[in-house]
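Colleague: I am new to this structure and would like a short tour. Could you take me through it step by step?

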Amino acid sequence: MPATRITVLISGNGTNLQAIINAIEDGTIQNTEIVRVVSNRAAAKGLIRAKEAKIPTLYHNLKRFGEQNPAYQHDPDVLRQQYDGELADLVLQDQPNLLVAAGFMHILSPAFLDPLAKLGIPALNLHPALPGQFNGIDAIARAHQAFLQGSITKTGLTVHYMIAEVDAGEPLVIKELNIQPGETLEHLEQRMHTQEWLAIVEGVQLAIKNLSMAGPTVGDPHG
């Protein structure tokens, strides 16, 4: 069976990317290769992690795209749609079977998601909150504040299929985490990150299993 081809999108340190790299190397995720790591930030440490693992990388930034395409700068929505469309084109050149957004700090629009969906390529995202709670940015901080206010006693994280609605796709992995009395935001963030590294691997494993049941996608030369 051909190896599953994964493209990973990042913006920062790439610790979730590293968890996937490690899981592929130690056989936890089997018969899988990362074909490219794409970052929208040039200084992302995750790019260094990818290069150290001999994984091809690509830098694709919205602001730079706008500077290179001034005709789109008059309308932020148009600029975003065009950027997302080009990002999809770049990703599809590598013929992946699966896309994983691992700390990618850019909301992907249908201009990106639809071309992948038409080819049967699922896209995963990891969100540091339970389904339906604290969608969007600063989820851990918002959960911690809600705990301090007595509104919640636990938080968690979700690995889900991406749809146009932010952080609202079908969950693959859900991990709950009790917030400890007196716990600082920094301590909670560290405990969440540790769980993220486990969850992203579990999510990739489940997505690959679902792909094998669904049949070949564009990246499969036998498809």
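Modeller: A term first: contact, or touching, means that heavy atoms lie within 4.5 Å. Please also keep in mind that this is a predicted model.

Colleague: Understood. Which residues does Ala-23 touch, leaving out those up to four places away in sequence?

Modeller: Ala-23 touches Thr-28, Ile-29 and Val-201. Its place is in helix α1.

Colleague: Is Ala-23 buried or exposed?

Modeller: Ala-23 has a relative accessible area of 4%. Buried means under 20%, so Ala-23 is buried.

Colleague: What separates the C-alpha atoms of Ala-23 and Gly-156?

Modeller: A distance of 22 Å separates them, and the two residues are 133 residues apart along the chain.

Colleague: Let us turn to the sheet. How many strands form it, and in what order?

Modeller: Seven strands form an open sheet, ordered β3-β2-β1-β4-β5-β6-β7, and the pairing is mixed. The edge strands are β3 (57-59) and β7, each of which pairs on one side only. On average, neighbouring strands of this sheet are turned by 20° against each other, direction ignored.

Colleague: What holds strands of a sheet together in general?

Modeller: Strands of a sheet pair through backbone hydrogen bonds, either parallel or antiparallel.

Colleague: How do β4 and β5 run, parallel or antiparallel?

Modeller: Strand β4 (residues 98-101) and β5 run parallel, joined by three bridges. Ala-101 stands opposite Asn-125 in β5.

Colleague: And which helix packs on the sheet?

Modeller: Helix α1 does, touching β1 (4-10), β2 (32-39) and β4. The direction of α1 makes about 160° with that of β2.

Colleague: What about β5 and β6?

Modeller: Strand β5 (residues 123-127) runs antiparallel to β6, with four bridges joining them. The bridge partner of Leu-124 in β6 is Tyr-161.

Colleague: How many bridges join β6 to β7?

Modeller: Seven bridges join β6 to strand β7 (residues 171-178), and these two strands run antiparallel. Leu-157 stands opposite Lys-175 in β7.

Colleague: How many residues of β6 are buried?

Modeller: Seven of the eight residues in strand β6 (residues 154-161) are buried, and the strand is mostly covered.

Colleague: Where is Thr-7 found?

Modeller: Thr-7 is found in strand β1. Its relative accessibility is 1%, so Thr-7 counts as buried. Setting aside residues up to four places away in sequence, Thr-7 touches Val-35, Arg-36, Val-38, Val-91, Pro-96, Leu-98, Leu-99 and Val-100.

Colleague: Back to the helices. At what angle do α1 and α2 cross?

Modeller: Helix α1 (residues 15-25) and helix α2 (residues 45-52) cross at roughly 15°, and their axes come within 9 Å. Angles under 35 degrees count as roughly parallel, so α1 and α2 are roughly parallel to each other. Their crossing is right-handed.

Colleague: Which residues meet there?

Modeller: From α1, Thr-15, Leu-17, Gln-18 and Ile-21 meet Gly-46, Arg-49 and Ala-50 in α2. By class, this contact has three nonpolar, three polar and one charged residues.

Colleague: How far apart are the axes of α4 and α5?

Modeller: The axes of helix α4 (residues 76-92) and helix α5 (residues 110-118) are 7 Å apart, and the helices pack at an angle of about 30°. That makes α4 roughly parallel to α5. By class, the contact of α4 with α5 has eight nonpolar, two polar and one charged residues. Among those that meet are Leu-87 and Val-91 in α4, and Phe-112 and Leu-116 in α5.

Key
Residues are numbered from 1 along each chain as its sequence is written. This is a predicted model: local features need pLDDT of at least 70, side-chain atom pairs count only at pLDDT 80 or more; totals for chains, interfaces and linings use all residues. Side-chain values use heavy atoms; hydrogens and water are left out. Buried means under 20% relative accessible area, exposed over 50%, partly exposed in between (1.4 Å probe, protein chains only). Two strands pair if DSSP finds at least two bridges between them. Axes are lines fitted to C-alpha atoms, for helices over the stretch in contact, and angles run from 0 to 180 degrees between N-to-C directions. Angles under 35 degrees count as roughly parallel, over 145 as roughly antiparallel, 65 to 115 as roughly perpendicular and the rest as oblique. A crossing is left-handed if the near helix is turned anticlockwise from the far one by less than a right angle, and right-handed if clockwise. Ala, Val, Leu, Ile, Met, Phe, Trp, Tyr, Cys and Pro count as nonpolar, Asp, Glu, Lys and Arg as charged, and the others, Gly among them, as polar.
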